[in-house]
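Here's a quick tour of a fold, written for someone who likes the cut-offs spelled out. Have a look at the model first.

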Amino acid sequence: MENTSEKVDFQIVLESEEVDKSSIYWQEQCQMLYDTIRKNLSEGSVSPSSRKGGEGEKAGIIISFDVLTLTGITLNSFYILIKLINIWERNRKRSNLKYKFRNGSEAICTNLDVDDIPEVYRRLKQEDNKQE
């Protein structure tokens, strides 16, 4: 049985320098990444964020794809995740990616090199373990 300390939980925050995060266009772009991750992630899970609709909004709950929550991510899954994100970022040159932790701290990680993945994963585990 795998040790739970070998898995991490975190959020990915997707931002663009050119497009408002609440725009339909940006949400569609982020949803494409979400769908790709969901279909290809071998271990762990991904889900979009949600919030209650404000007064006057038609929807009771609003799904937002610019903040994705990942849980139970192993090193192997993290490799897959980074490869998928790198492909997505290639077509969105002015996008930024941040990892957000339960304590609110953030780390910017855009266009990661495959050689950097073990070190970044180790840092993610350290931040996640501080929360337990």
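## Ground rules

This is a predicted model, where local features need pLDDT of at least 70, side-chain atom pairs count only at pLDDT 80 or more, and totals for chains, interfaces and linings use all residues. Residues are numbered from 1 along each chain as its sequence is written, and side-chain values use heavy atoms, with hydrogens and water left out.

## The sheet

Five strands make an open, antiparallel sheet, ordered S2-S3-S1-S4-S5. Strands (E, at least two residues) and helices (H or I, at least four) are DSSP runs numbered from the N terminus, and two strands count as paired if DSSP finds at least two bridges between them. S2 and S5 (106–108) sit at the edges with a single partner strand each, so one side of each has no neighbour in the sheet. From one strand to the next, the twist averages 35 degrees; angles run from 0 to 180 degrees between N-to-C directions, with axes fitted to C-alpha atoms (for helices, over the stretch in contact).

S1 (residues 8–16) is joined to S4 (residues 95–100) by six bridges, running antiparallel. Across that pairing, Val13 faces Lys98 and Leu14 stands opposite Leu97. S1 also pairs with S3 in the antiparallel sense, over five bridges, and there Ile12 is opposite Leu68.

## The helices

H1 lies across S1, S2, S3 and S4, at about 30 degrees to S3. H2 (residues 75–90) packs on the sheet too, touching S1, S3 and S4 (contact means heavy atoms within 4.5 Å). The direction of H2 makes about 155 degrees with that of S4.

## The largest pocket

The largest pocket holds about 290 Å³ of space. On a 1 Å grid over the protein atoms alone, a pocket is an open set of points where a 1.4 Å probe fits, with protein on both sides within 12 Å along at least five of seven lines. Points are joined across faces, edges and corners, and the volume is the space filled by probe spheres set on them.

Its lining has 15 residues (an atom within 4 Å of a point), with Ser22, Gln27, Ile62, Ile63 and Ser64 nearest the centre. H1 (24–40), S2 (45–52) and S3 (61–73) each give two or more residues, and S3 gives the most, with six. By type, the lining splits into five nonpolar, six polar and four charged residues; here Ala, Val, Leu, Ile, Met, Phe, Trp, Tyr, Cys and Pro are nonpolar, Asp, Glu, Lys and Arg charged, and the others, Gly among them, polar.
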